[in-house]
Amino acid sequence: MTNHLGHKVLTAMQSLAKQSPDQCADQHVDQRLNQRLVIHLDNSEAWLQIDAYATELDWVIIPVPYFFSISQIQHLIQQAGVSAIVCDSRALPLYQQLGFQLVEACESGLYLLHKTITELPKLPEGTHKITYTSGTTNEPKGVCLSEAHLAKVGHSLAQATRELGLTKHLSLLPYSVLLENMAATYANQFAGLEIISLPLSQIGMTGSGKLDIVTMTAAIVEHQADSLIMMPQMLKELISYLTAHPIDLGFIKFIAVGGAVCSPHLIQCAHDMGLPVYQGYGISECGSVICLNTEKNAVYGVGKALPHCDIQLAEDGEVLVKGPRFLGYLGCSDYLIQGHSKNHNNYFSTGDIGTIDKAGHLNITGRKKNTIINSFGRNILPDWLEGELLAIPGVHQAVIYGEAKPFLTALCVTQLSKPKLQQAVDRLNQTLPDYARIIKTITIEPFTIQNGQLTSSGKTKHKQIFKTHKNTLEKIYATRTEIISQAI
């Protein structure tokens, strides 16, 4: 654990750990939880080293999502009782303004800061890492996870991918995202891959969700990584780029796609190009990964449950998971009151809707809370249609509107002209049942975290988007209703 990346900071962490028991004012709190460490860094080897060393010291680790606003960081610091920070020079002034004192700095640009906390907020016993999820409200929620839970999921993942013979993983997602953190840290304890940890700018990620596909592809080629994790939009842009600029990526053995519903059409396109794409599924409360489809060339579904857990469906199709789960939400003593139940024979309610075939393969069709019931009483899962829209080249973001309405409207973020978008939607409609066809399409500005239309994990906030475009939507349905009335 000694190299130029942060030896001085790691040594200072060790010193801090020796001091911490005497500095805790609340002697009733478990001493192992004295230090609660925020890691606020770009992807790097140092990130993983700090993570590993804090684990050795038995500190609670709280990765700061790279897209968090200052107010969200302030809230996190207060809610978790954060006492130690490891950050880079860009974040240093913020934490100094919040009252943290500089303990150590190293030449590579890492800083360790500390603040004595006089009253530690309680955490669930055994909390090792707190990861942030968008949850069911506008406020991100801290999910408290144990080390044993994460290690178990990591072991399952390593088992599931062992036959692929992977040797080198290039991290394309921030380490503050639990999925990437799981792969690079917990799964790799058992898989033993070489982990390539480049700053996000060097793999084409800038700002909140902007991707330079040329840079990402160049990084993949340069490092010859045979293992990658992508969001569906990243896969889509890679396919689009390779269509125009064919490159031999035959060295890749495994591309895991997760984070959102991925269109079967998109996965088929990837397979047709020789990209070994495997779709997975999971949620933070269950330690990130629940299922992984390891069948070669499988287009549909997210596969069977990994060895550490079991899945079944509730009567309404909601996916239920049995196995290790989170310890609780930060700041909430009872997660049952937040809409999640563990009373389905000790199965956890995920909030996702799906189907399970006779072989046990799960297919996710949408979010339970997003289900549209149109004015004819038909239930429609918008995630399904949104996935199909996102499979159209040139459509970058899309949501479906139609609750209690006679037809569906698609709100799209696209570079396509209006006629070309309509042609593409017309072709899609030919494959859909009549109640699920998209009758009206409008082009709107991108959804971003900044304008409140994306969650902290990059998912679309349907209600906020509909609220923003309320006037346009009202005009559409007023006009179309008049037309229908006149026709009748």
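Modeller: Two strands pair if DSSP finds at least two bridges between them; strands (E, at least two residues) and helices (H or I, at least four) are DSSP runs numbered from the N terminus. This is a predicted model, in which local features need pLDDT of at least 70 and side-chain atom pairs count only at pLDDT 80 or more, while totals for chains, interfaces and linings use all residues. Residues are numbered from 1 along each chain as its sequence is written, and side-chain values use heavy atoms, without hydrogens and water.

Biologist: Which strands stand at the edges of the open sheet of 3 strands?

Modeller: The order in that sheet is S23-S24-S25, with mixed pairing. An edge strand has a single partner, so one of its sides has no neighbour in the sheet; this holds for S23 (395-401) and S25 (438-443).

Biologist: How many bridges join S24 to S25?

Modeller: Strand S24 covers residues 408-414 and runs parallel to S25. Leu408 stands opposite Ile438 in S25. The number of bridges joining S24 to S25 is 5.

Biologist: At what angle does helix H11 run to S25?

Modeller: H11 spans residues 418-429 and lies across S23, S24 and S25. Angles run from 0 to 180 degrees between N-to-C directions, with axes fitted to C-alpha atoms, for helices over the stretch in contact. For H11 against S25 the angle is about 150°.

Biologist: Are H7 and H8 roughly parallel or roughly perpendicular?

Modeller: H7 (residues 213-223) packs on H8 (residues 232-244) with the axes 10 Å apart and an angle of about 85°. Angles under 35 degrees count as roughly parallel, over 145 as roughly antiparallel, 65 to 115 as roughly perpendicular and the rest as oblique. H7 and H8 are therefore roughly perpendicular.

Biologist: Which residues of H8 are met by Ile213, Val214, Met216 and Thr217 in H7?

Modeller: Contact means heavy atoms within 4.5 Å. On the H8 side the residues met are Met234, Glu237, Leu238 and Tyr241.

Biologist: By how much are neighbouring strands turned against each other, on average, in the open sheet of 4 strands?

Modeller: This sheet has the order S16-S17-S19-S20 and antiparallel pairing.

Biologist: Which residue in S20 is the bridge partner of Ile356?

Modeller: S19 (residues 348-356) runs antiparallel to S20, and 5 bridges join them. The partner of Ile356 in S20 is Leu362.
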